[in-house]
Amino acid sequence: MTSSKKKKKAILLSVSAAVALLAVVLDRITKSLAVKYLYDIDTYPVIEDVFHFTYVENTGAAFGILKDSRWFFMTVSVIAIVIIAAWLVKYGSEDAFLSICLSMVLGGGVGNMIDRVLYGYVVDFIDVRLINFAVFNIADSFVTVGAFLMIIYLLRDLILQSRNKKNAPDVGGGSENGGDDCNDGGDGGDDSDDGDGGDGNGGEVGEHGGE
């Protein structure tokens, strides 16, 4: 690996680590504030019946899915975190945007994992009541946005690859046509040889006539 590639890899790893760390720090700070100010009052309406801060202890996955499955989600989270971290270290320098998306997912996963290890539940507090949505937190937001951007990016890449294959010239077909043209040219050469042969015979006849 050249020095420029090593430098690029180091920069992208640093950026990825910074994004993941930012997700964890923001998640821990906001959850601490939620526990401090929302635990006793349950909910605080920023806009009545539209947007609230509501304290919830979630024993399931993101957005309250599959409650009371702590050990299952801890196991899945650990496996996902290890796989994403390993991918970022090994292949992160090959695709900057994908690395950022995975770093967001990684940071969100670590944020919620800390809650499960320390408390046995995840603290949620963002309550969008206008659409009757599940209460969630900053870590959930990082995971969701990162995963969404990654899916869009991969779908776009697949579409572009498919279009490039359709627009690519048929190299095989061109070679076959070229071969046919060469064969036709060879036939023309044979015709020329036949013509020379005819001239030679004509010369012999002329000589006999002279005699």
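## Close-up views of charged residues and a helix pair

**View 1. The R28–D115 salt bridge.** R28 and D115 form a salt bridge, with 2.5 Å between the closest N and O atoms. The pair joins distant parts of the chain: R28 lies in helix α1 and D115 in helix α3, 87 residues apart. R28 has a relative accessibility of 19%. The cut-off for buried is under 20%, so R28 counts as buried. D115 is buried too, at a relative accessible area of 0%. The model shown here and in the other views is predicted.

View 2. K31 is buried, with a relative accessible area of 3%. D27, R28, K31 and D115 are linked in a network of salt bridges.

**View 3. Packing of α1 against α3.** Helix α1 spans residues 3–38. It packs against α3 at an angle of about 35 degrees. The two axes are 8 Å apart. The contact of α1 with α3 comprises 13 nonpolar, seven polar and four charged residues. The crossing of these two helices is right-handed.

**View 4. The D127–R129 salt bridge.** The structure holds four salt bridges. One of them pairs D127 with R129. Their closest N and O atoms lie 2.7 Å apart. The two residues can be set side by side for accessibility. D127 counts as buried, at 6% relative accessibility. R129 is partly exposed, with a relative accessible area of 34%.

View 5. D95 is found in the loop between α2 (70–91) and α3 (96–118). D95 is buried, yet has no salt bridge. The nearest side chain of opposite charge is R156, 8.2 Å away. A salt bridge needs a side-chain nitrogen of Lys or Arg within 4 Å of a carboxyl oxygen of Asp or Glu. What does the side chain of D95 reach at 3.4 Å? It reaches the backbone nitrogen of F97. Which side chain makes a polar contact with the side chain of D95 at 2.6 Å? That of Y153 does.

Conventions. Residues are numbered from 1 along each chain as its sequence is written. This is a predicted model: local features need pLDDT of at least 70, side-chain atom pairs count only at pLDDT 80 or more; totals for chains, interfaces and linings use all residues. Side-chain values use heavy atoms; hydrogens and water are left out. Helices (H or I, at least four residues) and strands (E, at least two) are DSSP runs, numbered from the N terminus. Buried means under 20% relative accessible area, exposed over 50%, partly exposed in between (1.4 Å probe, protein chains only). Lys and Arg count as positive and Asp and Glu as negative; His and the chain ends are not counted. A polar contact is a pair of N or O atoms within 3.5 Å; within protein, one must be able to donate a hydrogen and the other to accept it, and residues adjacent in sequence count only if both atoms are side-chain atoms. Axes are lines fitted to C-alpha atoms, for helices over the stretch in contact, and angles run from 0 to 180 degrees between N-to-C directions. A crossing is left-handed if the near helix is turned anticlockwise from the far one by less than a right angle, and right-handed if clockwise. Ala, Val, Leu, Ile, Met, Phe, Trp, Tyr, Cys and Pro count as nonpolar, Asp, Glu, Lys and Arg as charged, and the others, Gly among them, as polar.
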